[in-house]
Amino acid sequence: MRYTNDYEEHRTLSDGTRLLLRMVRPSDKQAFAEGLAGLSERTRYQRFMAPKKGFTDAELVFLTEVDGENHLAIVAGRERPGAEPEGIGVGRLVRMEDDPESAELGIVVADAWQRRGIGRLLLERTTAAAAERGIRRIRAQLMADNGQALGLLKGFRGDSEEQTDHGVLTLEFPVPEQNPDESVDALMGLIRAIGQGVAITPEQISEMAAHPVDSMLSMVTLLRQTVTSPSPSDNDRCREWHS
Ligand SMILES: CC(C)(COP(=O)(O)OP(=O)(O)OC[C@H]1O[C@@H](n2cnc3c(N)ncnc32)[C@H](O)[C@@H]1OP(=O)(O)O)[C@@H](O)C(=O)NCCC(=O)NCCS
């Protein structure tokens, strides 16, 4: 199983932001309380479908003390030098008691970090973790006018069932087929970052070393592109890679 309690994953967004993805921990309570306070009213409303002002102690226990089997949550933190990662997103699935092969989705990304691919990443990881636990269907409830969430779920929905009640849309869709080797995704993200001129860090090189075969294949593709269409910036990128 990949998504165990000690699952940790480092990802670099195409803008160079470094993220740490990991399972939620009981010690995250304060970060959750602060995170909610930092969300816009709109984002809070979209996530909780209510004007949520703060979490009660019982809610913080529920959100952070999960069993990892029937309730799991993956948090995304922005890595920063000399400090703990800053929490900027959470993806959560809670198995439904009356239908153990289905789970309810909750996902939120801090306003300043939306539209950078974090929501999609959290959705992919939480659904992959759910698949490992025998969850086959996802249920998501959202305001019917929540265009961001609808856009996010669009690619995942496949044959979804939909129902709207008093402005609340309920979507039910199958957990997508899982990519057996997600290192390919990781490398593609890295290559996109290189393509946009982001220098590779030693940590990223270690990440690639963990998946040598895929890394080699991906680097060959990248080098083939830079060799067939050379430009000054391409040469700089090759130097960055080799230095
Ligand atoms: C929904 C939410 C989690 C998306 O997170 P995000 O990090 O912005 O999403 P991503 O950057 O990964 O975008 C994924 C896709 O979502 C859609 N999307 C994201 N923001 C959008 C926006 N403002 N308008 C339209 N579509 C949007 C797009 O299809 C996007 O794909 P693209 O970038 O290839 O166009 C975020 O907007 C959020 O926290 N909203 C409030 C809470 C909420 O609504 N939760 C869902 C109900 S539980």
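## Briefing: sheet, core and ligand shell

Strands S7 and S8 run antiparallel and are joined by five bridges, where strands (E, at least two residues) and helices (H or I, at least four) are DSSP runs numbered from the N terminus, and two strands are said to pair if DSSP finds at least two bridges between them. The model is a predicted one, in which local features need pLDDT of at least 70 and side-chain atom pairs count only at pLDDT 80 or more, whereas totals for chains, interfaces and linings use all residues. Residue numbers start from 1 along each chain as its sequence is written. The protein has nine helices and eight strands.

**The sheet as a whole**

- The eight strands form an open sheet with mixed pairing, in the order S1-S2-S3-S4-S5-S6-S8-S7.
- S1 and S7 are the edge strands, each of them pairing on one side only, and the twist from one strand to the next averages 25 degrees, with axes taken as lines fitted to C-alpha atoms (for helices over the stretch in contact) and angles running from 0 to 180 degrees between N-to-C directions.
- Helix H4 (118-132) lies across S1, S2, S3, S4, S5 and strand S6 (137-143), and runs at about 50 degrees to S4.

**Strand pairs and hairpins**

- S1 (residues 8-12) pairs with S2 in the antiparallel sense over five bridges, and within this pair Glu8 has Arg22 in S2 as its bridge partner.
- The hairpin that S1 and S2 form has five residues between the strands, and Gly16 in its turn has a positive phi of about 95 degrees.
- S2 (residues 18-23) is also paired in the antiparallel sense with S3 (residues 71-80), again over five bridges; here Leu19 has Arg78 as its bridge partner in S3, and Met23 stands opposite Ile74.
- In the hairpin of S3 and S4, two residues lie between the strands, and Gly82 takes a positive phi near 70 degrees.

**Backbone exceptions outside glycine**

- Most residues other than glycine have a negative phi.
- Met49 has a phi near 55 degrees, a positive value in a residue other than glycine, and its place is in the loop between H2 and helix H3 (57-64).
- Met49 counts as partly exposed because it has 14 C-beta neighbours inside 10 Å; a residue is buried if 20 or more other C-beta atoms, placed from the backbone, lie within 10 Å of its own, exposed if 12 or fewer do, and partly exposed in between.
- His166, likewise not a glycine, has a positive phi of about 50 degrees and is placed in the loop between S7 (161-165) and S8 (168-174).
- His166 has 5 C-beta neighbours inside 10 Å and therefore counts as exposed.

**Core and contacts**

- Buried residues make up 23% of the 243 residues in the protein.
- The largest nonpolar core has 31 residues, of which Ala73, Ala76 and Leu122 touch the most other members; such a core is a set of buried Ala, Val, Leu, Ile, Met, Phe, Trp, Tyr and Cys residues joined through C-beta atoms within 7 Å.
- The elements that give two or more residues to this core are S2, S3, S4, S5, H4, S6 and H5, and the largest share, six residues, comes from H4.
- Leaving aside residues up to four places away in sequence, Ala73 touches Met23, Val24, Val66, Val90, Gly91 and Arg92, where contact means that the C-beta atoms, placed from the backbone, lie within 7 Å.
- Among contacts between residues at least 6 apart in sequence, 62% join residues at least 24 apart.

**The shell around the ligand**

- The ligand is surrounded by 22 residues, the closest being Gln46, Gln114, Gly119, Arg120 and Gly151; a residue counts as near the molecule if its C-beta atom, placed from the backbone, lies within 6 Å of it.
- Helix H2 (41-48), strand S5 (99-109), helix H4 and helix H5 (147-157) each supply at least two residues of this shell, and H5 gives the most, with six residues.
- By residue class, the shell divides into seven nonpolar, ten polar and five charged residues, with Ala, Val, Leu, Ile, Met, Phe, Trp, Tyr, Cys and Pro counted as nonpolar, Asp, Glu, Lys and Arg as charged, and the others, Gly among them, as polar.

Note on methods. Contact = placed C-beta atoms within 7 Å.
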